[in-house]
Amino acid sequence: MRGGPDPALPVGGATRAPRKTVRFDVLTLFPDFFLSPLKISLLGKAIEAGKLSVFLHDIRQWATDKHRTIDDLPYGGGPGMVMKPEPLVAALEAVRDSSLKGRRIYLSPKGRHLRQQDLKGYLNWEQIVLLCGRYEGIDQRVIDHSIDEEVSVGDYVLAGGEAAALVFIEAVTRLIPGVLGNEGSLEEESFTTGSLIEYPHYTRPEEFRGLRVPEVLLSGDHQKIREWRRLESDRLLKSRK
Ligand code: SAM
């Protein structure tokens, strides 16, 4: 199905969504993750009815080297790999249609909790770009430079942002007028009435779009790096309350 001319599940995203629909553009390393969920039930029907458009984009197409590298080692040491800023920002810039009122969202366990009472607000956007992380997450400068909002689906860690993106798409789609058979049920359902946070990550390059990696991470002083990370974690935790 990917790459083929399937109007219900466009891949690559050149087509404009019809009026009064919500258009999602999903940036992921695993576009296939979405194919079955988008074909069935509520989401499948909403796409078929033209109320929802979902465009799946493979982030690797914005990698520039011959190995299509999209991750690198974290500055300051530590486990795992961090997704590099260049392909991610290039992808975010490429898929964003500036003629549409849009929002760029990074699915992240550090983000603001997705709450039912906030969902309706997303229907005001004509295009919502969802960025799915993998590995240890993404370089902090992508968030600082190109992300409007970080959204979490709960205080637990998933292997990647894809399942969270599906949660987001489904929760918003239910609120699109005409998608649910019985819209009265929306008014009465749950939530309608009515700790540790990780430090920022950085990987190469040292400077990206004028944003520099904090000096302490380049110092090699692991005591100082630990302290900086602890302070950043505290700051993020407080700023979420
Ligand atoms: N090292 C990160 C941390 O401790 O905060 C976790 C990275 S996780 C293994 C990989 C990716 O999964 C993240 O970049 C994010 O996109 C996604 N993810 C994991 N848990 C999530 C959640 N609860 N809500 C939204 N996205 C999540």
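Reader: Why is Y135 called partly exposed?

Author: In this predicted model, Y135 has 18 other C-beta atoms within 10 Å. A residue is buried at 20 or more such atoms and exposed at 12 or fewer, so a count in between makes a residue partly exposed. Y135 therefore counts as partly exposed.

Reader: What makes D25 a buried residue?

Author: D25 has 25 C-beta neighbours inside 10 Å. The cut-off for a buried residue is 20 or more, so D25 counts as buried. The place of D25 is in strand 1 (residues 22-28). The C-alpha atoms of D25 and V95 are separated by 7.1 Å, although these two residues are 70 residues apart along the chain.

Reader: How much of the protein counts as buried?

Author: Of its 241 residues, 32% count as buried. The protein has 8 helices and 9 strands.

Reader: Why is strand 6 called largely enclosed?

Author: In strand 6, 6 of the 6 residues are buried, so the strand is largely enclosed by the rest of the structure. Q127, V129 and L131 point one way from strand 6, whereas I128, L130 and C132 point the other way, and all are buried. In a regular strand the side chains alternate between the two faces of the sheet.

Reader: How do you know that strand 5 and strand 6 pair?

Author: Two strands pair if at least two bridges are found between them. Strand 5 and strand 6 (residues 127-132) have 6 bridges, in the parallel sense. L107 has C132 as its bridge partner in strand 6, and R104 stands opposite V129 in that strand.

Reader: What joins strand 1 to strand 6?

Author: They are joined by 5 bridges and run parallel. V26 has L130 of strand 6 as its bridge partner.

Reader: What joins strand 5 to strand 7?

Author: There are 5 bridges between strand 5 and strand 7 (residues 149-152), and the two run parallel. I105 stands opposite E149 in strand 7, and H113 stands opposite S152.

Reader: In which order do the strands of the open sheet stand?

Author: The 5 strands stand in the order 2-1-6-5-7, with parallel pairing. Strand 2 (52-58) and strand 7 each have a single partner strand and stand at the edges, so one side of each has no neighbour in the sheet. On average, neighbouring strands of this sheet are turned by 30 degrees against each other, direction ignored.

Reader: Which residues of helix 1 are buried?

Author: In helix 1 (residues 41-48), the buried residues are L43, A46 and I47.

Reader: How do you know that the buried residues of helix 1 line one face?

Author: Seen down the axis of helix 1, they fall within an arc of 100 degrees, so they line one face of the helix. An α-helix has 3.6 residues a turn, so residues three or four places apart point the same way. The buried residues of helix 1 pack against strand 2 and helix 5 (162-173). The face turned away from the buried side carries the exposed residues S41 and E48. Just after helix 1, G50 takes a positive phi of about 75 degrees.

Reader: What joins R204 and P205?

Author: R204 and P205 are joined by a cis peptide bond, with omega about 5 degrees. P205 is found in the loop between helix 6 (184-188) and strand 8 (207-208).

Reader: Which residues come nearest to the ligand?

Author: Of the 21 residues around the ligand, L107, G133, L158, G161 and A164 come nearest. Strand 5 (residues 102-113) gives the largest share of this shell, 4 residues. By class, the shell has 10 nonpolar, 7 polar and 4 charged residues.

Terms used
Residues are numbered from 1 along each chain as its sequence is written. This is a predicted model: local features need pLDDT of at least 70, side-chain atom pairs count only at pLDDT 80 or more; totals for chains, interfaces and linings use all residues. A residue is near a molecule or strand if its C-beta atom, placed from the backbone, lies within 6 Å of it. Ala, Val, Leu, Ile, Met, Phe, Trp, Tyr, Cys and Pro count as nonpolar, Asp, Glu, Lys and Arg as charged, and the others, Gly among them, as polar. Axes are lines fitted to C-alpha atoms, for helices over the stretch in contact, and angles run from 0 to 180 degrees between N-to-C directions. The arc is that of the directions from the helix axis to the C-beta atoms. Two residues are in contact if their C-beta atoms, placed from the backbone, lie within 7 Å.
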